[in-house]
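I opened my notebook to jot down what I looked up in this one, entry by entry. Have the sequence and the model beside you while reading.

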Amino acid sequence: LFNHLPYGLVKRLTPFLIWVGLSFTGHLQKTARESLRLAFGHEKSEQEIDKICKDCFTNFSYGLFEMLYLSGHFEMMKDFISFEGKENLDAALAKGKGVMAVTAHFGSFPMMMMHMARLGYPVHVLMRKTRDPKIDAFLLQKRNETGLKTIYALPRKAAVMDTLKALRNNEIVFILMDQNFGSDGKVFVDFFGQKAATAPGPIVLAQRAGAPIVPLFIRREKDKKHKIEFLPEMELEKRADYDEMVFANVAKITTIIENMIRKYPHEWGWMHRRWKTRAPSQDTTKVGQEIGGNPDGNRQEN
């Protein structure tokens, strides 16, 4: 239906559809408020938390309907998105070692990745499959239509090899590094003052390929359009011990993500249980080897 309606009509229908849809999100809103209290409980009032929660769901809903429409009208994306700091990405690509593009479930992130692919950048996204096979197939089709290639996180060995291949071909690999990571190899780093289980993969893979890491985020502007902000390349912290190096840089990226969320809290997906996996102790050992790293930092083909 969205593919056949004029955009002006879709724009007028969207507030009503959001109002109807939000009535079915009570459980998710409860989770979001719990997450917001964990993050801001000592900084913000209940009224402020309620407003962020409402703005978060409204922003997410607008992004969903925009994607439903623009996925059938890709030529319109350029009218919705502007750039800030794109020279940071271009400078990193010029090094010829690919780019690990680190982002989060922040703003209309699928539209950001699809738009980059439509502009001709060689773009992959490393991600999990969705729980519903039909939805996953639909989203895969839409990514393929824009030229956005998909690397599924499982099986893990194939994901590692496909990611390294893309980086060594001087391509961009997007990875969202802000969700709870309950698998082996996780490290617990500070995120809003709480220990959060985080995937070390981007650090290990970037280090193995020698690829620069560029953080980037998309956010909604006051005119309902979007801006992609490319931050400067993140310099890896060096440590004598390999696992300490991985831990320090996972913490560094997580801080960058937290800082962006603090600036625009309504843009992040608070309905995700980021602190679901609890830390029994703070242990930084054996983090790199778990997902294909090696203490010497040398390339391994198998």
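**Before starting.** I reminded myself that this is a predicted model.

**Entry 1: strand S8.** I started with S8, residues 213-220. Is this strand buried or exposed? I found eight of its eight residues buried, so S8 is largely enclosed by the rest of the structure. In a regular strand, side chains alternate between the two faces of the sheet. I therefore checked the faces of S8 one at a time, and both turned out to be covered. Ile-213, Pro-215, Phe-217 and Arg-219 are buried on one side. Val-214, Leu-216, Ile-218 and Arg-220 are buried on the other.

**Entry 2: who pairs with S8.** I looked up its partners next. Strand S2, residues 99-103, runs parallel to S8 and is joined to it by three bridges. Here I noted Val-102 opposite Pro-215. Strand S9, residues 226-230, pairs with S8 in the antiparallel sense, over five bridges. On that side Arg-219 faces Lys-227 of S9. S8 and S9 make a hairpin with five residues between the strands, and Lys-224 has a positive phi near 75° there.

Entry 3: I picked Ile-218, which sits in S8. What is its relative accessible area? I read 0%, and the cut-off for buried is under 20%, so Ile-218 counts as buried. Leaving out residues up to four places away in sequence, I listed what Ile-218 touches: Phe-106, Gly-107, Ser-108, Phe-109, Met-112, His-226, Lys-227, Ile-228 and Glu-267. I also looked at Met-111, which is 107 residues from Ile-218 along the chain. Their C-alpha atoms are 8.8 Å apart.

**Entry 4: another hairpin.** I moved on to S6 (residues 187-191) and S7 (residues 194-198), which pair in the antiparallel sense over five bridges. Val-187 stands opposite Thr-198 in S7. Two residues lie between the strands of this hairpin. Phe-192 is in the turn, and I read a positive phi of about 55° for it. At 4% relative accessibility, Phe-192 counts as buried.

Entry 5: Which residues does a cis peptide bond join? I found Leu-154 and Pro-155, with omega about 0°. Pro-155 lies in the loop between strand S4 (149-152) and helix H7 (156-168). I then checked Asn-170, in the loop between H7 and strand S5 (172-176). Asn-170 has a positive phi of about 60° although it is not a glycine. With 24% relative accessibility, Asn-170 counts as partly exposed.

**Entry 6: the cores.** I counted 50 residues in the largest nonpolar core, where Met-100 and Trp-270 touch the most other members. Helix H9, residues 242-263, gives the most to this core, with eight residues. I followed up Met-100: setting aside neighbours within four places in sequence, its contacts include Thr-163, Leu-167, Ile-175, Pro-202, Ile-213 and Val-214. There is also a second, separate core of 38 residues, and Met-76, Val-99, Met-113 and Val-123 are among them.

Entry 7: I finished at the second largest pocket, with about 290 Å³ of space. It is lined by 18 residues, and the closest to its centre are Gln-207, Leu-236, Glu-237, Lys-238 and Met-245. I sorted the lining into nine nonpolar, two polar and seven charged residues.

Conventions
Residues are numbered from 1 along each chain as its sequence is written. This is a predicted model: local features need pLDDT of at least 70, side-chain atom pairs count only at pLDDT 80 or more; totals for chains, interfaces and linings use all residues. Side-chain values use heavy atoms; hydrogens and water are left out. On a 1 Å grid over the protein atoms alone, a cavity is a set of points where a 1.4 Å probe fits but cannot get out, and a pocket is an open set with protein on both sides within 12 Å along at least five of seven lines; lining residues have an atom within 4 Å of a point. Grid points are joined across faces, edges and corners, and a volume is the space filled by probe spheres set on the points. Ala, Val, Leu, Ile, Met, Phe, Trp, Tyr, Cys and Pro count as nonpolar, Asp, Glu, Lys and Arg as charged, and the others, Gly among them, as polar. Buried means under 20% relative accessible area, exposed over 50%, partly exposed in between (1.4 Å probe, protein chains only). Helices (H or I, at least four residues) and strands (E, at least two) are DSSP runs, numbered from the N terminus. Two strands pair if DSSP finds at least two bridges between them. A nonpolar core is a set of buried Ala, Val, Leu, Ile, Met, Phe, Trp, Tyr and Cys residues joined through side-chain atoms within 4.5 Å. Contact means heavy atoms within 4.5 Å.
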